[in-house]
Amino acid sequence: MISYYELLGMIKEGNIPNKIKVHLTPCTSKIYVKESDIDESLIYYRIDEMEEEDENYKDYLAVCYLESSMFDETIEILDEKKIGKLGYIVNDEDGDFTIDGYAMDYEQKIEIIKKINEIIDKINKEE
């Protein structure tokens, strides 16, 4: 379990869970899902369609927390954002890079470099 404050830190770092379970009261909990913009950036967390709003659990997650409760560990991450594994990178005869036999354009190469750098950052933080 994490606090709302820790969730905000995760969002700032780009590690945004798609679905979370919020435990504001001892007997009930509600599921909230990530709502994204066109570019897949987070807009807000909204209560899941299967859940109902009540006096403790509002439609939007940000409305549920007061300054005094945002440090309480009340959030459970139901799914974690995982980094996909990369295939083998091979330099072919033309000098172009391919992954598992598929040619890549410039944007795909940049994405791979970004993912590798994310992995390096995570390893460096763990040490």
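Phenylalanine 71 sits out in the open in this predicted model: its relative accessibility is 52%, so it counts as exposed, the cut-off being over 50%. Tyrosine 5 comes in at 49% and is therefore partly exposed. The rings of tyrosine 5 and phenylalanine 71 pair up, with centres 5.1 Å apart and planes at 45°, so this pair is tilted. It ties together distant stretches of the chain, since tyrosine 5 belongs to helix H1 and phenylalanine 71 to the loop between H2 and E5, 66 residues away.

Searching the whole structure turns up three aromatic pairs. Another of them joins tyrosine 4 and tyrosine 65, whose ring centres are 4.7 Å apart with planes at 10°, so the pair is stacked. Here too the partners are far apart in the chain: tyrosine 4 is in helix H1, while tyrosine 65 is in the loop between H2 and strand E5 (73-77), 61 residues apart. Both tyrosine 4 and tyrosine 65 are buried.

As for the inside, the largest nonpolar core has 16 residues, and Leu7, Ile20, Val22, Tyr32, Leu61 and Ile75 touch the most other members. At least two residues each come from helix H1 (4-13), strand E2 (19-22), E4 and helix H2 (61-64), with H1 giving the most, namely three. Beyond its neighbours within four places in sequence, leucine 61 is in contact with Tyr4, Leu7, Ile20, Val22, Tyr32 and Tyr45.

Back on the surface, Ile43, Tyr44, Tyr60 and Val63 make up a nonpolar patch with about 360 Å² of accessible area together. Isoleucine 43 lies in strand E4 (residues 42-47) and, at 46% relative accessibility, counts as partly exposed.

How values were computed. Residues numbered from 1 in each chain as written. Predicted model: local features only at pLDDT ≥ 70, side-chain atom pairs only at ≥ 80, totals over all residues. Heavy atoms only, no water. Patch = residues over 30% accessible without salt bridge, like charges linked within 9 Å, V, L, I, M, F, W, Y side chains within 5 Å. Areas by Shrake-Rupley, 256 points an atom, 1.4 Å probe, with all protein chains shown as cover. Salt bridge = Lys/Arg side-chain N within 4 Å of Asp/Glu carboxyl O. Helix = DSSP H or I, 4+ residues; strand = E, 2+ residues; numbered from the N terminus. Buried < 20%, exposed > 50% of the residue type's maximum accessible area, 1.4 Å probe, protein only. Core = buried A, V, L, I, M, F, W, Y, C linked by side-chain atoms within 4.5 Å. Contact = heavy atoms within 4.5 Å. Phe/Tyr/Trp six-rings, centres within 6.5 Å; stacked < 30°, edge-to-face > 60°.
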